[in-house]
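Please open the model in a viewer and keep the sequence panel beside it.

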Amino acid sequence: MPTLVFTDYITARRGNGQLDYIDAFVLNAAARYKNVISGFFANGGIVYSRMGNMLMYKGELVDNIYCSTPSDQRSSVSMITLNGSVSKSFDWAGLLLKLSARHTWNNYSMLINDNVQPFRMESSEIKLNISIKPLYWLSADLTSSLNRNHQTNQESTDSYDKTLCYFTHKLRTYIMPGNWIIEFDNEMYHSNDESVSTTLFSDLSITYKTRHIEIGAACHNLFGKDLFERRYFTDTQRIYTSTRLRPREILFKVRFSL
């Protein structure tokens, strides 16, 4: 498509107006194991993909608009992903443990000053989930994850050797004595990027529920956090987001049935 198309307020993209084709190859293999009696489950897999004859684009900033236009260069992209998980349930306190991991190697090329340069993006994720119900009126669910991104220029690593790691932790707690339901949700985000602050969000709700009526109150953003920051990598971009949030708020609700 030769017409210039704006994909958002500051980005414009143009095609070459010709039909094109891309070579593609995908290989996927996986293995699974489960033992229902012992409550043990495991799986693992590998995915390999390759795309060739891909048209390369060059970008430039024109009047504060990022313009992406096709070049006369072509490249290929290959990716390998390894993933796996194990989980085990226990009779004691309804305990469930699950650990999963993923690692990806992505090889591609970019145009830098009209020169084709090879890049590699390595990304990893490790996630732990713990679910427990020690009492009939108390339960909790914890999810903690680590994400790691590392981008390198295969010809020159001087400017692309920083590894970005960020952590996300989520804890949900439920207390349910009698007709009461108390839910306390927490989410924390932090990273090794000193320019991005640690963020903690908390929500608290209390509900009284019977067969015919439900009365409750909820406090969102309990600690009044008004800014959420995050930095992450893609194959071609380093993206920083800063989001202004609503202040602390309290909501009341009443439901009834006749």
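Predicted model: local features only at pLDDT ≥ 70, side-chain atom pairs only at ≥ 80, totals over all residues.

Ser145 belongs to strand S8, which covers residues 138-153. Is Ser145 buried or exposed? Its relative accessible area is 9%, and Ser145 counts as buried because the limit is under 20%.

The side chain of Glu125 meets that of Arg102 in a salt bridge, at 3.7 Å from N to O. Arg102 lies in strand S6 (residues 96-112) and Glu125 in strand S7 (residues 115-135), so the pair ties together parts that are 23 residues apart in sequence. Both partners are partly exposed: Arg102 has a relative accessible area of 30%, and Glu125 has one of 22%.

Next, select strands S9 (residues 163-175) and S10 (residues 180-191). These two strands pair in the antiparallel sense over ten bridges, and they form a hairpin with four residues between them. In the turn, Gly178 may be highlighted; its phi is positive, at about 60°. Within the pairing, Arg172 has Asp185 of S10 as its bridge partner.

Which residue of S11 stands opposite Asp185? The residue is Asp203. S10 and S11 are antiparallel as well, with ten bridges between them.

Continue along S11 (residues 199-209) to S12 (residues 213-220): six bridges join these antiparallel strands, and a hairpin of three residues connects S11 to S12. Select Ala217 in S12, which stands opposite Ile206. Ala217 also has a bridge partner in S15, namely Phe252. S12 and S15 (residues 249-256) pair in the antiparallel sense over eight bridges.

How many salt bridges does the structure hold? There are two. Besides the one between Arg102 and Glu125, the side chains of Lys253 and Glu214 meet at 3.4 Å, N to O. This pair links distant parts of the chain, with Lys253 in strand S15 and Glu214 in strand S12, 39 residues apart. Lys253 is partly exposed, with a relative accessible area of 34%, whereas Glu214 counts as buried at 13% relative accessibility.

Terms used: Residues numbered from 1 in each chain as written. Heavy atoms only, no water. Pairing = 2+ DSSP bridges. Buried < 20%, exposed > 50% of the residue type's maximum accessible area, 1.4 Å probe, protein only. Salt bridge = Lys/Arg side-chain N within 4 Å of Asp/Glu carboxyl O.
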